[in-house]
Amino acid sequence: MSENSLVSRLARYAAGQLFQRIIRLANAYIKPRFLDPVQIGLWNGLNLIPTYAAFSHLGALQTLRLRIPELLAEGREEERLRLQTTAYWGTLYPSLLIALGAFLAGLFPTLEEIIRHGLWTMAIAVLMGWYTQYQLTLCKGEQLFEIITRSNYIGSWSTLLLGLPAIVLLGMEGVYLSFLASQLLTLLYLRRVHPLHHRGGPSRSLFFSLVKEGWPLLLFGIALTLITTLDRFIILAKLGTEALGFYALALTASGFLLQIPMATREILEPQLMAMLAKHPPTRIWDEHYYRPLINTAFYYPLIAAPVIFLAEPVLALILPKFTPSATSAAILAAGSWFLALSFVSRGMLGALRLQLRALPILFAALLCHASLSLFLIDRGLGIEGVALSASLAFALLFLGLTFFLGRRTPFNRREEARRLLAIGVAPLVTLPAIPLAKGYLASPWLQAALYTAGLVLLIQISSRFSPLLKPLRQPARKNLP
């Protein structure tokens with residue numbers, strides 16, 4: 001595949017993912033207008049069920065996504081269809097068990113009705129999520145990112161158009177109904193445009209082989225998800241649903257900022273697997289590790305700056321009752337910089353089959369996050385302390401993965417040092433600039449403007465010294481005689 005074609009597909013897919021996040025941001029504005037922080041916190045707590053249910057495939061879908069491009073390239077159609085059949089049935093049964101567990105939990109007589117209905121909603125959502133996740137796995141493996149992009153548009157628009165009247169008329173019950181309706185519309189679209197083709201029945205031994213190959217990826221994914229969701233568990237346990245409702249706005253903002261790095265990883269990973277045996281190691285490491293790492297390091301702050309500097313005045317203007325979210329949103333937006341960089345490292349770890357060896361790094365970051373969060377909460381820092389703890393855990397994760405992979409690159413020490421220096425310039429220069437701008441400039445709008453202008457200048461200067469960094473504006477080419 002040509003570089004232009006890859007960039008074009010990446011841009012379209014990332015745009016679809018970005019649009020989905022924009023709609024979620026719109027919903028994040030709509031929900032607090034009609035729901036209180038306790039209800040927002042309840043919704044975010046319930047959403048942990050489908051988040052972790054997505055791992056019930058036990059690693060089989062991650063293996064399938066990486067196997068499909070190889071089987072298509074080699075023309076092994078029958079083997080591909082048998083794998084898909086086995087993965088379909090093998091992943092259905094664990095999802096059924098989780099859905100049944102959520103349904104039975106909702107039968108406890110002491111539960112409030114709104115929580116009971118929420119658990120039943122999540123039981124249905126787990127099953128619909130299983131089918132959608134399976135379909136999207138096939139589409140990613142077949143490089144059908146146009147279908148994924150359109151499904152994102154359908155889900156996003158339906159969430160917005162159905163969610164607004166439902167929330168206004170029915171409150172939390174409307175949130176549940178619009179969520180299920182959006183999931184259903186996405187499912188029906190995928191079923192229509194991407195019919196499933198299976199061969200024979202499921203094979204237990206084949207499913208176990210998928211799980212055996214995929215469980216390192218699964219463990220790594222679960223550990224990474226724990227790092228990014230542990231703050232919700234801790235806030236729920238120590239501070240309650242109202243505090244989680246305030247923190248939810250910070251999570252929505254950081255999730256939006258992370259969308260482009262996540263979309264980039266999902267497209268580049270299958271390409272990386274296909275390149276491993278065909279290209280020299282130096283090219284693979286530069287194209288699929290250092291180039292995206294360096295560009296993420298420099299460009300993430302550009303999209304994060306509005307949240308870092310403008311969260312407080314914007315929330316005071318449009319959602320005044322949620323202004324306690326502002327500080328945690330700014331802290332988490334800055335800290336998620338390191339999480340975005342860690343997403344880039346994840347692809348190379350998978351390609352080199354190093355997930356299990358890297359797990360101690362994730363567990364160290366997880367332990368740091370948990371212990372520091374509890375310590376800061378006990379010191380009275382609340383959700384701001386949790387956001388700071390999460391940010392430090394993300395930084396520890398990124399540094400650990402960078403040094404872990406740095407020992408395995410094909411470059412000599414001097415070449416490796418040049419690339420690490422290019423990565424480190426952005427955070428070393430711009431992170432200290434955040435408290436300086438906030439401390440010396442009174443207007444948050446002026447802070448954001450000068451910070452952004454400084455970033456643009458830094459990118460243009462740094463791109464002259466690092467060929468892996470894409471400048472904001474390419475120099476004009478002179479016409480040849």
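Leu 58 sits in the loop between helix 3 (48-53) and helix 4. In this predicted model, its phi comes out near 65°, a positive value in a residue that isn't glycine. That is worth a second look, since most residues other than glycine have a negative phi. With a relative accessibility of 38%, Leu 58 falls between the 20% and 50% cut-offs and so counts as partly exposed.

Gln 143 is another such case, with a positive phi of about 60° although it is not a glycine. This residue belongs to the loop between helix 6 and helix 7 (145-170). Its relative accessibility is 15%, which is under the 20% cut-off, so Gln 143 counts as buried.

Two packed helices are described by the angle between their axes and the distance between the axes. For helix 4 (residues 60-74) and helix 6 (residues 113-141), the axes come within 8 Å and cross at roughly 30°. The crossing of helix 4 past helix 6 is right-handed. On the helix 4 side, the contact is made by Leu 61, Leu 64, Arg 65, Ile 68, Pro 69 and Leu 72, while helix 6 brings in Gln 133, Tyr 134, Thr 137, Leu 138, Lys 140 and Gly 141. Sorted by class, that contact has 7 nonpolar, 3 polar and 2 charged residues.

Tyr 134, on the helix 6 side of that contact, also turns up in an aromatic cluster, together with Tyr 88, Trp 89, Trp 130 and Tyr 131. Aromatic pairs in the structure number 16. One of them joins Trp 130 and Tyr 131: the ring centres are 6.1 Å apart and the planes stand at 65°, over the 60-degree cut-off, so the pair is edge-to-face. Trp 130 and Tyr 131 are both buried.

Phe 338 and Phe 398 make another pair, with centres 6.2 Å apart and planes at 40°; that angle lies between the 30- and 60-degree cut-offs, so this pair is tilted.

Arg 408 places its charged end over the ring of Phe 404, 4.0 Å from the ring centre. Likewise, the charged end of Arg 419 sits over the ring of Tyr 290, with 5.9 Å to the centre.

How values were computed: Residues are numbered from 1 along each chain as its sequence is written. This is a predicted model: local features need pLDDT of at least 70, side-chain atom pairs count only at pLDDT 80 or more; totals for chains, interfaces and linings use all residues. Side-chain values use heavy atoms; hydrogens and water are left out. Rings of Phe, Tyr and Trp (its six-membered ring) pair if their centres lie within 6.5 Å; planes under 30 degrees apart count as stacked, over 60 as edge-to-face and the rest as tilted. Buried means under 20% relative accessible area, exposed over 50%, partly exposed in between (1.4 Å probe, protein chains only). A charge sits over a ring if NZ of Lys or CZ of Arg is within 6 Å of the ring centre and within 35 degrees of the ring normal. Axes are lines fitted to C-alpha atoms, for helices over the stretch in contact, and angles run from 0 to 180 degrees between N-to-C directions. Helices (H or I, at least four residues) and strands (E, at least two) are DSSP runs, numbered from the N terminus. A crossing is left-handed if the near helix is turned anticlockwise from the far one by less than a right angle, and right-handed if clockwise. Contact means heavy atoms within 4.5 Å. Ala, Val, Leu, Ile, Met, Phe, Trp, Tyr, Cys and Pro count as nonpolar, Asp, Glu, Lys and Arg as charged, and the others, Gly among them, as polar.
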